[in-house]
Amino acid sequence: MIEVRDLTKSFGAQLVLDSVGFKIENGESVAIIGRSGSGKSVLLKHLIGLLQPDTGEVLIDGENIVPMNERQLLHVRRKFGMLFQSAALFDSMTVAKNVAFGLRRHEHLTEAEIGRRVAGTLEMVDLPGTEDKQPAELSGGMRKRVGLARAIIYEPQIVLYDEPTTGLDPIVSDSIDQLILRVRDRLKVTTVVVTHDMRTARRIGQRVLMLHDKKIYASGTADEIFASQDPVVRQFIDGIADPKENLP
Amino acid sequence: MFSLSASKRVTAALAELGQITLLAREAAASLLKGRASWRDLLYQIYFIGVQSQSVVLVTGAFTGMVLAAQTYFQFHKVKMDTATLAVVGVSMCSELGPVLTALMVAGRVGAAMAAEIGTMRVTEQIDALRALATDPVDYLVVPRLVAAHVALPLLTVEVIVIGILGGYFVSVNLLDIEPTYLWANMLKYTHQSDLVIGLIKAFIYGGVIALIGCYKGMTCRLGAEGVGQATTEAVVYASITILIANFFLTLVMGKLVGML
């Protein structure tokens, strides 16, 4: 379970998050929405200890990770997989080496076993046979898939997605959404998606949290949020969606 | 106004020095606990050592040659021609060998470290490492630091040898100095302690280059400009540190050798 209590974060004089708090149960899938620059990615990075809050607590399975040093955090992070906005593939390595990175570092497996796990995970993200490609040879959607394969190969309990569909065309975005759902259902992971893509939020988020004005402004099921008549929520949802497009 | 800005700069410089010291401590702890990978270490030794050879050998050879020529021009006036190579030997072993090797490696390798790690930081690859439960110090800093400590003394030995051979070649073939006395005097005046001092210096400079290069990469500002600045600073700071440290190391080790 993930629990955030009174989390406040500022960069210099700029306050980004102000007393943010929420809970995410095991196995739940939550979408965090909000305008660009509202601090969604900053919030996500706090969940895995990549950023330290000014005040507040982040509890992972009841354990507060805020006072932990980098070395202690490494153990907590083994529970997580994270897909970065830019995919953040290691550009000096092939796809296979990228995907196998976590396995090689933390598990003592034979090369044959690593190869088998890599092939299986690439199959799961619909990229079979791409082991020997370099990240530079991949399209944006393929990079995200490889990034996801790298994040899930060691079967984490929680998968964090930072803007998984940003910069992708609608068809590729749709396939990434389906992939996120497939990973959630097959691996039974807790899913946290940060996005400003309303379609992604609606499809993936069993629950949606809206970040606005440095706080969690609205929280509810996807249907509740999308049916909300609150002017701020409405403005955000209507402002991003194309009025001609009928959202599912 | 000036004093305020100067005091801020001094404070920032001291804070940075403290951060580099903490990085060194963290790297030492990681090394002692054996968290670094041998495969990465071997690659870094190849990158820092093997691939730097051509640059440092050319530098060493021509430095030895010009030193021999210049020494000969002065010594010839007082009929000390055969002492020419002794000057080259002592200089190359204790001063020029380690310093020139370190400066050339700082330019080539220190810059590459800062640029590579800085780019990784800008493109979230460092965050990705941490998210994959891997400490960037274990994975990025320790192999580079150990490899630089190993490679610099080896490169320095090569530079000393090629420098002395270059000086010998110029002395014998171009300046017509009698080779037997030339070589005998070099062996007579170049002591084992000169070589040891040079190797200790090279070992230290290896650490300076790697630590500053890695630190600048890991703390660079986001964006292309940040990476460029980190790269420049890595080379400039490492070079200045090497030159200043060289003075103090010469002084301290010279005194120590004198006492023995």
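# A chat about chains A and B

Trainee: Is A:Val20 buried or exposed?

Mentor: A:Val20 counts as buried, because it has 23 C-beta neighbours inside 10 Å. Bear in mind that this is a predicted model.

Trainee: Where is A:Val20 found?

Mentor: In strand 2 of chain A, which covers residues 14-24.

Trainee: And what is A:Val20 in contact with, leaving aside its neighbours within four places in sequence?

Mentor: A:Val4, A:Leu7, A:Leu43, A:Lys215 and A:Ile216.

Trainee: How many Å separate the C-alpha atoms of A:Val20 and A:Thr94?

Mentor: They are separated by 39 Å, and the two residues are 74 places apart along the chain.

Trainee: Let's step back. How many helices and strands does chain A have?

Mentor: Chain A has 9 helices and 10 strands. Its radius of gyration is 18 Å, close to the 18 Å that the globule rule gives for 248 residues, so chain A is as compact as a globular protein of that length. The C-alpha atoms fill a box of roughly 55 × 45 × 30 Å along the principal axes.

Trainee: What share of chain A is buried?

Mentor: Buried residues make up 40% of the 248. As for contacts in chain A between residues at least 6 apart in sequence, 65% join residues at least 24 apart.

Trainee: Now the sheet. In what order do the strands of chain A stand in the open sheet?

Mentor: The order is 6-7-8-3-9-10, with 6 strands and mixed pairing. Strand 6 (80-83) and strand 10 (215-221) of chain A are at the edges; each has a single partner strand, so one side of each is left without a neighbour in the sheet. From one strand to the next the twist averages 15°.

Trainee: What packs on that sheet?

Mentor: Helix 1 of chain A, residues 40-47, packs on the sheet and touches strand 3 (29-34), strand 7, strand 8 and strand 9 (207-212). The direction of helix 1 makes about 155° with that of strand 8. Helix 5 of chain A, residues 140-152, also packs on the sheet, touching strand 6 and strand 7. The direction of helix 5 makes about 170° with that of strand 6.

Trainee: Do strand 7 and strand 8 of chain A pair in the parallel or the antiparallel sense?

Mentor: Parallel, over 5 bridges; strand 7 is residues 158-162 and strand 8 is residues 190-195. In that pair A:Ile158 stands opposite A:Thr190.

Trainee: And which way do strand 9 and strand 10 of chain A run, parallel or antiparallel?

Mentor: Antiparallel, joined by 6 bridges. A:Arg207 stands opposite A:Thr221 in strand 10. The two strands form a hairpin with 2 residues between them, and A:Asp213 in the turn has a positive phi of about 55°.

Trainee: Which residues of helix 3 of chain A are buried?

Mentor: A:Val95, A:Asn98, A:Val99, A:Ala100, A:Phe101 and A:Gly102. Helix 4 (111-124) and helix 5 of chain A are included in what covers them.

Trainee: Next, the interface. How many residues of chain A are in contact with chain B?

Mentor: 17 residues of chain A, in contact with 11 residues of chain B. Helix 2 (70-77), strand 6 and helix 3 (95-106) of chain A each supply at least two residues of the side that touches chain B. By class, that side of chain A has 9 nonpolar, 3 polar and 5 charged residues.

Trainee: What is chain B made of, in helices and strands?

Mentor: It has 9 helices and 0 strands. The C-alpha atoms of chain B fill a box of roughly 65 × 50 × 40 Å along the principal axes. Of its 260 residues, 48% count as buried. Among contacts in chain B between residues at least 6 apart in sequence, 88% join residues at least 24 apart.

Trainee: How do helix 4 and helix 7 of chain B cross?

Mentor: Helix 4 (residues 84-122) and helix 7 (residues 179-189) have axes that come within 7 Å and cross at roughly 35°. The crossing is right-handed.

Trainee: Which residues of helix 4 of chain B meet helix 7?

Mentor: B:Thr84, B:Leu85, B:Ala86, B:Gly89 and B:Val90. On the helix 7 side, the residues include B:Leu182, B:Trp183 and B:Tyr189. By class, this contact has 7 nonpolar, 3 polar and 1 charged residues.

Notes: Residues numbered from 1 in each chain as written. Chains lettered and ligands numbered in written order. Predicted model: local features only at pLDDT ≥ 70, side-chain atom pairs only at ≥ 80, totals over all residues. Pairing = 2+ DSSP bridges. Helix = DSSP H or I, 4+ residues; strand = E, 2+ residues; numbered from the N terminus. Axes fitted to C-alpha atoms, helices over the stretch in contact; angles between N-to-C directions. Contact = placed C-beta atoms within 7 Å. Nonpolar A, V, L, I, M, F, W, Y, C, P; charged D, E, K, R; others polar. Rg over C-alpha atoms; globule rule 2.2 N^0.38 Å. Buried ≥ 20, exposed ≤ 12 C-beta atoms within 10 Å, placed from the backbone. Left-handed = near helix turned anticlockwise from the far one by under 90°.
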